[in-house]
Amino acid sequence: MALPPDRIDRFARHIVLPEIGGAGQVALAGAHVALVGLGGIGSPALQYLAGAGVGRFTLIDDGRVELSNLQRQTLYAERDVGHGKAVSARRWLANFDGAIAVALVDRRLTRDNAGAAIAGVDLVLDGTDNFATRLAVSDACVASGIPLLSAAVGRFQGQVGAFAGHLPGEACYRCFVGDAFDADDCDTCAEDGMLGAMAGWTGTFAAMQAVRVLLAGKAAFGDPQWGRLHLLDGLKAEMRTLRIARDPACRACSSAGKASDDGSPPSRGWQ
């Protein structure tokens, strides 16, 4: 695959980077990313991944734009209030780069439909705000052999982790948080507040990590950093990194865990 002259000009600042180069830019052009959640994290992540030259997106969100979203969800303007987030995000992409292919999923993901929604993608970036969706997406990624970037933010704190539970010895998101039994056990920004720029930092960092994953084996920048969770602290203006080990009893990615799963209610998780 060769990039046409106008695309070479558009991504020239990437291509001159030895860590990305022409081969890396071609890889990004052929990549397909699913963004689950188009809010405070998904907005800047989509903007920077589109700016990086990712060629195809599946945009997944069942919500509508609200006035209170505009403080941190950079995709949207006042004219989008009341409209679906997925449709509004597609409109932004069409104005930004008409060469990008886009598919929309405007329904909430569950254990029953998550696998179909992400089928065929190269990477899932999850920025949703509840355990039920996150775990449904994670389990679908493990079952489908798709890597997952999971990002979360609240108040002045953010986290971004890379998971590949389908690979031998690597953890999945369920290994990290455990099991959760409902969608109401996460704190919300409506209750706790959120610095808008904190969502931007977390989302753009997630976009950079996504580029790492997409370029693995194709350019020098490609280092997926599986099982590493990066914690971003906006109050202290610092970041630290943890290593997430695979849970040998995980019912999603461990053969022992799958064998022992009897369908009983799971234990409470945390985020």
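1. A buried arginine. Arginine 174 has a relative accessibility of 5% and counts as buried. Here buried means under 20% relative accessible area, exposed means over 50%, and partly exposed lies in between, with a 1.4 Å probe and protein chains only. Arginine 174 sits in helix H8, residues 173-177. Leaving aside residues up to four places away in sequence, arginine 174 touches Leu135, Ser138, Asp139, Asp179, Cys250, Arg251 and Ala252. Contact means heavy atoms within 4.5 Å.

2. How to read the values. This is a predicted model, in which local features need pLDDT of at least 70 and side-chain atom pairs count only at pLDDT 80 or more, while totals for chains, interfaces and linings use all residues. Residues are numbered from 1 along each chain as its sequence is written, and side-chain values use heavy atoms, with hydrogens and water left out. Helices (H or I, at least four residues) and strands (E, at least two) are DSSP runs, numbered from the N terminus.

3. The cysteines. How many disulfides does the structure hold? There are 0, a disulfide being a pair of cysteine sulfur atoms within 2.5 Å. Cysteine 172 is in no disulfide, and its nearest cysteine sulfur, that of cysteine 250, is 3.5 Å away. Cysteine 250 is likewise in no disulfide. Cysteine 172 is buried at 1% relative accessibility, and cysteine 250 is buried at 3%.

4. Helix H5. This helix covers residues 85-96, which makes 12 residues, and spans 16 Å from its first C-alpha to its last, close to the 16 Å expected at 1.5 Å a residue. The expected span is 1.5 Å times one less than the number of residues. Which residues of H5 are buried? They are Lys85, Ala86, Ser88, Ala89, Trp92 and Leu93. Seen down the axis of H5, these buried residues fall within an arc of 165°, so they line one face of the helix. The arc is that of the directions from the helix axis to the C-beta atoms. As background, an α-helix has 3.6 residues a turn, so residues three or four places apart point the same way.

5. The two sides of H5. The cover over the buried residues of H5 includes helix H4 (42-52), strand E2 (56-60) and strand E3 (101-105). On the face turned away from the buried side, H5 carries the exposed residues Ala94 and Asn95.

6. A link across the chain. Glutamine 71 belongs to the loop between E2 and H5, and is partly exposed at 45% relative accessibility. Its C-alpha lies 9.2 Å from that of methionine 194, although the two are 123 residues apart along the chain. Glutamine 71 touches Met194, Leu195 and Gly196, not counting residues up to four places away in sequence. The side chain of glutamine 71 also reaches the backbone oxygen of methionine 194 at 2.6 Å.

7. Two positive phi values. Arginine 155 has a phi near 50°, a positive value in a residue other than glycine. The loop that holds arginine 155 runs between strand E5 (148-154) and strand E6 (157-163), and this arginine is partly exposed at 44%. Alanine 237 is not a glycine either, yet has a positive phi of about 55°. Alanine 237 is in the loop between strand E7 (228-233) and strand E8 (238-243), and counts as exposed at 64% relative accessibility.

Note on methods:
Polar contact = N/O pair within 3.5 Å; in protein donor to acceptor, adjacent residues only side chain to side chain.
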